Structure formats: C-alpha cells, structure tokens
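The tour moves from one selection to the next and says what is found at each stop.

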Amino acid sequence: MRLVHAWLRIPFWQRVLAGFVLGALAGWAFGPAAETWFGPLGTLYVTLIKMIAVPLVFFAVMNAVASLHGQKSVALLGGRTFLWFAVTAALAVCIGLGVGWVLQPGIGVAGLSMAPDYTVRELPSPVQVLLDVVPGNPFRALSEGKILQVIVFAGLVGFALVKLGEKTTGIRRLVGEASDVMIQVTRFVLEVTPLGTFGLIAALVGAYGFEKLLPLGNFVFALYLACALHIVLTYGGLLLAHGLNPLRFFRGAAPGMQVAFASSSSFASLPVALRSVTHNLGVDRDYAAFAVPLGASIKMDGCGAIYPALTSIFVAQYFGLTLEPTQYLIILIASVLGSFGTAGVPGTAIVMVTLVLSAAGLPLEGIGFVVAIDRVLDMMRTMTNVTGQMLVPVLVARETGLLDSAVYDAASSNVGVTEGDAAESREAVS
C-alpha cells in the first residue's frame, strides 16, 4: 500500500513523461520487435479509453443541458464556442502558411515514393455530412462511438427532460448520478495512462526507422514548428488577452496534451481532456461536458488547419507550382469551413488535405508522399487539436463567469486518482 501512496504522490504528468521516455528507450533497444512485445499495452489502454468515452459523453451532455437551462443560455455559450473555434482555426491556417512560406519544405526534395496503400479519398457532399450528424439509430451511434451523433441525441434527451419539468425530477437526478459514476470510472482508467504511453511510444519508435523520416525531415520539422508556434503564441496570447496566466493553463492541460501526443486520437484523449478542463483549470463542469466533446468532433487546429495549409505549400513547391494570392485565400477559407464540414468523418486529416488541395487546384497525388509518415505527424497534430479543444472552453468560461479562478490559479496537473480518492475507495470497499 505504501508503494501505491508513493506512486500517487508523483505528479501525473511526471508519471506519463516517465512512460514516454522508457517507451522510447524500449523501442530503440528492441527495434521492430517492440511493436509485438509492447504494442498490446498501448492497444489495451486506447481500448479502455474508448470504453468509457461514449457513456461519459452521453450522460455528461444530458446532465449539462438540463443543468445549464435557466442558468446560462445554451445558444449563447454555443455561439461563443463556435466563434472561438473559427478564430483559432483561421490563425492556425495563417501560421501553417507562414511557416511553409519561410521554411519551404518542398524545395530540394525529389524522388519521393507514394505510399503503396494510398488511395484518393472521396469527399462526402455537404448535405450528406449534415445528414450524418443526426443518428438514424441512436443505439448504433452509441455502439460505434460516433461522438457528434451521441451529442445530438443526448442534447435532445436533455432538452426533453427540462421540458417535462417536475415529471422527470427522478430521471434527471439519476442522469446526474450516472455522470458522476462515469467521471469516477474515468479517474480510475486514467491511472493506466503511464503504462499505455509506454506501450504506444515503444511500438512507434520500434516500427519507425530514421530512413522513413529523412526524405521528409524538413516537412516533419516544419509541421512540428508550426504547431508549437500556434500553441505558444496563439493560445498563449489569447490567454494573456483574457487576463489568464498561460503557464497555469499549460500546467493544467498537460495531461490531455500528453495523452493526445501518445495516442494520436482526439477521441481517445477526450476523457482526460474533459477531466483536465474541469478538475485542473476550473471550467464549469456542465459547460465543459458540452464544449469539450463538441471540440473533439470539429475543433481540429492541427489536422484541419495547420496540416492542410502546410501540405498545400509543400505540394506546390514539390511540383514547382506558384501559388496565387487567390489560392492562399481559398486554402484559408477551405481549411476553416472544411474543419466544421467534415465533422465526424473518419480520417479527418487526410479528408481535410484532400478537400483543401482540391479547392486550391493542387495535385492530389502529393498526399501520397506524406502518408507514409502520417503516424509521426499525427502525434503533434493531435496534441495541437486537443490543446485547442481545452483552450476554447477556458476562454468562453472566462468571458461568461463560468471559470473558477481559484482552481485555475492552483492549476493541478493530476487527473487520476489522488491520495484522497484512493482513501475514499478503500473505505468504501471495507
């Protein structure tokens, strides 16, 4: 038991960082065999996260809609959230274009081979995307983990509970208790994060050799730099403009950022991101339960803004094409609107690049050159996505009085089971 106490006393981000470093060393030492030996640990962790994500969102959104009714206008909160989604996405596109223009990652690159499994993605029509937001079978949406459809259905049920008033008092109380239960389960599962990170990183380092990255090293560097600049300058600047300390935000958001980087999945990062926003950064739990899952579906600054913009520059330079000012504008508009329009479509990054290149009249074959290293790119893209998904609720909460400043200023970095939680659990069992 002392060992458990000692483990829990270590800050969560330090435990995850240790898993990351040890995983990288294991992957380097074992080589390709690391994917066989340690890969299942990462797969198990991602599966556990996916297991809790859908019921967590379902009950949290229902409870949030019922609780926010009469306190703050859901429409007002939703409007502010969408506005900041769009503003930060536009800034992300500008940074992606700027970094591509300065570093010129497509200049001097020749003889790239297309990934053998790459095929041009067929883009769904805007009408089809809109229709797919509404679940034809809500139980199927729940079982398949279609978060946007789950949000729509849970929101409708929540509004129905409010509309029926006193008749549904018992059900509303039950929904709130179910939400609390899922939050507690989330805290338990998140304790597996260091082990899952170890498995994911070991498998990645073992499977990828430097020979895969060297031909596109400039492109990888440009993407990582653009994402880092967006996180530090754009997000940090917006926090300062709202009178918030950026260092506090990044400390509180660190667990979500770490999980996003290791898992390369906004969906898998959703539970820890939601926990970070509420427990660490002081955002009202009911508003966060609505905003964070929504962001996980449509807020993609890395995949939907920076990556398409930078890839457009790379493809144009590789094929010796000159982008006109109108094409830059098209890339900007297509990236911002496309990130909303492809909500819920699998493979968002590839779909977004396909959409933007098509809109700008650039060769789609260029996508096949970067698909081979997509997993390495996706780590940084996803971390940028999830950081933005945590940032916007903080900004809106600050503007609407839904931010607990005391919690934000304290900025805990622990999202799992604390020592107090563990003590309560032991007492309950005994």
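**Before you select anything**

This is a predicted model, in which local features need pLDDT of at least 70 and side-chain atom pairs count only at pLDDT 80 or more, whereas totals for chains, interfaces and linings use all residues. Residues are numbered from 1 along each chain as its sequence is written, and side-chain values use heavy atoms, with hydrogens and water left out.

**Stop 1: a nonpolar surface patch**

Select L17, V21, L22 and L25, which form a nonpolar patch on the surface with about 350 Å² of accessible area together. Patches are made of residues with over 30% relative accessible area and no salt bridge, like charges being joined within 9 Å and nonpolar side chains (Val, Leu, Ile, Met, Phe, Trp, Tyr) within 5 Å; accessible areas come from the Shrake-Rupley method with a 1.4 Å probe, and for residues only the protein chains shown count as cover. L17 lies in helix α2, residues 12-30, where helices are DSSP runs (H or I, at least four residues) numbered from the N terminus. With a relative accessibility of 39%, L17 counts as partly exposed, the classes being buried under 20% relative accessible area, exposed over 50% and partly exposed in between (1.4 Å probe, protein chains only).

**Stop 2: the cavity**

Rolling a probe the size of a water molecule over the atoms shows where empty space is left. On a 1 Å grid over the protein atoms alone, a cavity is a set of points where a 1.4 Å probe fits but cannot get out, a pocket is an open set with protein on both sides within 12 Å along at least five of seven lines, and lining residues have an atom within 4 Å of a point. Grid points are joined across faces, edges and corners, and a volume is the space filled by probe spheres set on the points.

The structure holds one cavity of 30 Å³ or more, and the largest cavity contains about 30 Å³ of space. To see its lining, select F85, A89, I298, K299, M300, D301, G304, A305, S339 and F340. Two or more of the lining residues come from each of α4 (74-103), α15 (302-318) and α16 (325-341). By type, the lining divides into six nonpolar, two polar and two charged residues, with Ala, Val, Leu, Ile, Met, Phe, Trp, Tyr, Cys and Pro counted as nonpolar, Asp, Glu, Lys and Arg as charged, and the others, Gly among them, as polar.

**Stop 3: the second largest pocket**

The second largest pocket has a volume of about 430 Å³. Its lining comprises 18 residues, of which F82, I151, V152, F290 and L294 are the closest to its centre. At least two lining residues are supplied by each of α3 (33-68), α4, α5 (126-133), α7 (147-163) and α14 (285-298), and α7 gives the most, with six. The lining has 17 nonpolar residues, one polar and no charged.

**Stop 4: salt bridges**

A salt bridge is a side-chain nitrogen of Lys or Arg within 4 Å of a carboxyl oxygen of Asp or Glu, and by this rule the count comes to eight. Select R285 and D180, whose side chains meet in a salt bridge at 2.6 Å, N to O. R285 lies in helix α14 and D180 in helix α8 (residues 169-190), so the pair ties together parts that are 105 residues apart in sequence. R285 is partly exposed at 40% relative accessibility, and D180 is partly exposed at 37%.

Next select R381, which forms a salt bridge with D374, the closest N and O atoms being 3.0 Å apart, and another with D378 at 2.9 Å, N to O. R381 and D378 are three residues apart in helix α19 (residues 374-400) and are therefore separated by about one helical turn. R381 is buried, with a relative accessible area of 1%, as is D378, at 15%.

**Stop 5: single residues**

Most residues other than glycine have a negative phi. Q104, in the loop between α4 and α5, has a positive phi of about 50 degrees although it is not a glycine, and Q104 is partly exposed at 38%. S264, in the loop between α12 (246-263) and α13 (266-280), has a positive phi of about 55 degrees and is buried at 13%.
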